[in-house]
Amino acid sequence: MRSRAPWVLVTPALVAIAAFFFVPIVAALLLSLTDFDLYALADPANLRVVGLENYARLVADPVFRKALANTTYFVVVAAPLSIAVSLGAALLVSSSLTRFASLFRTAFFLPVVTTLVAAAVVWRYLYHPRVGLLNRVLAFFGVAPIDWLGDPDWAMPAIILMSVWKGFGFNMVIFVAGLQSIPTRLYEAAALDGAGPIARFFHVTVPMLAPTFTFVVLMTMIGHFQLFAEPYVMTQGGPGDATLSVVLLMYREGFRWWNLGYATATAFVLFAIILFLTLVALAIRNRGAVATGATLEAGGGRTVGAGA
């Protein structure tokens with residue numbers, strides 16, 4: 001009887017997890033193998049099992065390839081930029097030389113708690129080609145006005161700029177926690193060895209922040225692959241699908257044109273891409289951790305020897 005007690009206690013939780021996590025995933029996977037659309041929604045008799053046809057359509061669909069290219073462009077440019085800004089802000093608010101650090105920390109984090117839709121609406125007015133604040137500032141320096149959200153070449157950079165502003169505060173908090181976990185004695189020992197601020201940053205701060213970097217990179221990459229609200233509110237995917245993301249395409253297919261089978265296939269392709277890149281990043285991190293550990297161990301030995 002005693003051996004069954006743990007199972008009795010955890011069974012409600014397991015049932016809830018299965019009902020709200022695994023069952024929807026399996027249902028969505030099965031849905032992606034069908035042509036579930038508006039006709040099937042009206043009458044289930046119209047539902048047909050098409051196997052992998054939806055996935056084959058995705059490969060041949062130029063709109064999906066355009067959306068995937070836009071999303072990749074967004075991830076490749078916005079993610080490193082966001083991480084760099086976050087780290088710079090974290091170093092700024094963590095420095096003992098910075099006055100009013102709490103004020104800066106609060107100001108940098110404010111965009112994170114702001115509603116994304118509200119922020120996107122405000123930025124849409126900032127980008128307005130005639131009355132937007134950004135073009136007025138550029139005009140002060142003699143730069144011709146730019147149609148930020150109407151020009152295909154500028155629309156995605158405009159969304160990237162807004163996204164970096166909106167999200168860098170979250171990663172900044174994580175970096176601040178990582179910086180506070182680095183022992184001060186490492187900096188003191190490096191300073192005694194004659195290392196300057198730049199050397200201490202690359203040989204102490206960066207290696208000790210490696211686990212934090214891994215977490216931030218993975219979370220940022222996963223979040224950026226799910227780009228949706230910014231183009232939905234600011235450009236509706238335009239102009240000319242220049243800002244159409246994979247998730248926005250999935251929303252269009254699923255909830256505007258009611259091609260739910262095709263939309264769920266899009267979701268699983270995106271999931272496969274994110275899973276593959278996550279595994280690659282973890283593999284690179286594991287190989288780097290071995291090398292970094294060996295370097296720190298060797299460096300620590302020299303420092304102790306010098307200090308003695």
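This report describes selected structural features of a predicted model.

Local features are reported where pLDDT is at least 70 and side-chain atom pairs at pLDDT 80 or more, while totals for chains, interfaces and linings use all residues. Residues are numbered from 1 along each chain as its sequence is written, and side-chain values use heavy atoms, with hydrogens and water left out.

## Helices and surface

Helices are DSSP runs (H or I, at least four residues), numbered from the N terminus. Helix α1 covers residues 5-31 and contains Leu9. Accessibility classes are buried (under 20% relative accessible area), exposed (over 50%) and partly exposed (in between), with a 1.4 Å probe and protein chains only. Leu9 has a relative accessibility of 69% and therefore counts as exposed. Leu9 also belongs to a nonpolar surface patch of about 840 Å², together with Trp7, Val10, Leu14, Ile17, Phe21, Phe22 and Ile25. Such a patch is made of residues with over 30% relative accessible area and no salt bridge, with nonpolar side chains (Val, Leu, Ile, Met, Phe, Trp, Tyr) joined within 5 Å and like charges within 9 Å. The areas come from the Shrake-Rupley method with a 1.4 Å probe, and for residues only the protein chains shown count as cover.

Helix α5 comprises the 13 residues 101-113. The expected span of a helix is 1.5 Å times one less than its number of residues. Ala101, Phe108 and Pro111 of α5 are buried. The buried residues of α5 pack against α4 (62-94) and α8 (152-180), where contact means heavy atoms within 4.5 Å.

## Aromatic contacts

A search of the whole structure finds 15 aromatic pairs. Rings of Phe, Tyr and Trp (its six-membered ring) pair if their centres lie within 6.5 Å; planes under 30 degrees apart count as stacked, over 60 as edge-to-face and the rest as tilted. One of the pairs joins Trp123 and Trp165, tilted with 5.4 Å centre to centre and 50 degrees between the planes. This pair links distant parts of the chain, with Trp123 in helix α6 (residues 116-126) and Trp165 in helix α8, 42 residues apart. Trp123 counts as buried because its relative accessibility is 13%, whereas Trp165 is partly exposed at 32%.

Tyr251 and Phe255 form another tilted pair, 6.0 Å centre to centre with 35 degrees between the planes. Both residues lie in helix α13 (residues 246-256), four residues apart, or about one turn of the helix. An α-helix has 3.6 residues a turn, so residues three or four places apart point the same way. Tyr251 is partly exposed, with a relative accessible area of 25%, and Phe255 is exposed at 54%.

Trp123 and Trp165 also belong to one aromatic cluster with Tyr127, Trp148 and Trp154. Trp148 is placed in the loop between α7 (133-140) and α8, and is buried with a relative accessible area of 10%. Leaving aside residues up to four places away in sequence, Trp148 touches Tyr127, Leu134, Asn135, Leu138, Trp154, Ala155 and Ala158.

## Salt bridges

The structure holds two salt bridges, each defined by a side-chain nitrogen of Lys or Arg within 4 Å of a carboxyl oxygen of Asp or Glu.

| Salt bridge | N to O distance |
|---|---|
| Arg48 and Asp35 | 3.1 Å |
| Arg252 and Asp241 | 3.7 Å |

Asp241 lies in the loop between α12 (229-234) and α13, and Arg252 in helix α13, 11 residues apart. Arg252 is buried, with a relative accessible area of 12%, while Asp241 is partly exposed at 25%.

## Backbone in the loop between α12 and α13

Most residues other than glycine have a negative phi, and most peptide bonds are trans. In the loop between α12 and α13, Asp241 has a positive phi near 60 degrees. Gln236, found in the loop between α12 and α13, has a positive phi near 55 degrees and is partly exposed at 38% relative accessibility. Pro239 is also placed in the loop between α12 and α13, and the peptide bond from Gly238 to Pro239 is cis, with omega near -5 degrees.

Key
Helices (H or I, at least four residues) and strands (E, at least two) are DSSP runs, numbered from the N terminus.
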